[in-house]
Amino acid sequence: MRTTDSRHNNPTYPNIIKEVIPERFGEIIVGDITYIPLASADGERRFCYISLLMDSYSKMILGSSVGMTLEAKYPLEALSEALETLASYDVDLSKTIHHSDRGVQYTCADYVARLLANRMMISMTESGNPKDNAEAERINNTLKNELFKDMVFSDITQVREALRQAVLFYNHERPHLSLEMRTPVEAAAETGRFRRRWNSFRERAIDANKSEIAAEKGPVRATG
């Protein structure tokens, strides 16, 4: 099922995180929407939709919302919660990049206005390629295939409670290899890049590009 409708005339923004590797909490937050099936006695296919916002550096889920439709009010609810979480960590939002796909929910006037009112920078995918928003896609997969594994829901109230518990567990108890076995809450207190136990081709490419640019500029000469 597609949760992204990019067939609209809303203004969009370029992808400005392609060459950025976050080194602190609140530097980049990523958002996406996924669907959860609801069991029905009459066999009718029904779904509800989860909107998530995650911090790219710590992997902390900052905000979430569940709705029966794909209306923008649910991503806006997740954004409101995320803003409260970031404020509790004294994050300077003028230095925060909000990255999402180009779906109508994230490009609508109300959502963009909320980001701009908080002085956040806006970044969006430039195609339908899931790799352009890979971290948000990854947390969706973790939620559905790990945290919600083998769960069957019949109504939205059950999904909301399961999501509440899943977010608490994920943020406070689930360590990540990519965070040197820290939980997201523990990682949020850190700065600087975490050591990878595997080769990240994306990070290697970004580092190589930065090295080439630095070499082309040459050494900085002292003046005075």
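**Entry 1: pairing of strands**

I count two strands as paired if DSSP finds at least two bridges between them. The model I examined is predicted. With that criterion I looked up the partners of β2 and found that β2 and β3, residues 61–67, pair in the antiparallel sense over six bridges. Within this pairing I noted V66 of β3 as the bridge partner of I50.

I then turned to the hairpin formed by β2 and β3, where five residues lie between the strands. There I read a positive phi near 70 degrees for K59.

**Entry 2: β1 and its two neighbours**

I next followed β1, residues 28–38. Ten bridges join β1 to β2, residues 46–55, and the two strands run antiparallel. I recorded two bridge pairs here: D32 has L52 of β2 as its partner, and I33 has S51 of β2.

In which sense do β1 and β4 pair? I found the parallel sense, over three bridges, with β4 spanning residues 97–100. I28 has I97 of β4 as its bridge partner.

**Entry 3: cover of the strands**

**Entry 4: helix α3**

Which residues of α3 are buried? In this helix, residues 109–117, I listed Y111, V112 and L115. These residues cover an arc of only 95 degrees around the axis, and therefore lie on the same side of α3. I recalled the general rule for the spacing: an α-helix has 3.6 residues a turn, so residues three or four places apart point the same way.

I looked at the face of α3 turned away from its buried side and found the exposed residues A109, D110 and A117 there. For the buried residues of α3 I looked up what they pack against: the strands β2, β4 and β5 (121–124), and the helices α1 (73–88) and α2 (104–107). Just after α3, I noted that R119 takes a positive phi of about 65 degrees.

**Entry 5: cysteines**

I searched for disulfides, taking as the cut-off a pair of cysteine sulfur atoms within 2.5 Å. By this rule I count zero disulfides.

**Entry 6: the chain as a whole**

I count seven helices and five strands in the protein chain. Reading along the sequence, I wrote down the pattern β-β-β-α-β-α-α-β-α-α-α-α.

Key: Residues numbered from 1 in each chain as written. Predicted model: local features only at pLDDT ≥ 70, side-chain atom pairs only at ≥ 80, totals over all residues. Heavy atoms only, no water. Buried < 20%, exposed > 50% of the residue type's maximum accessible area, 1.4 Å probe, protein only. Helix = DSSP H or I, 4+ residues; strand = E, 2+ residues; numbered from the N terminus. Arc of directions from axis to C-beta. Contact = heavy atoms within 4.5 Å.
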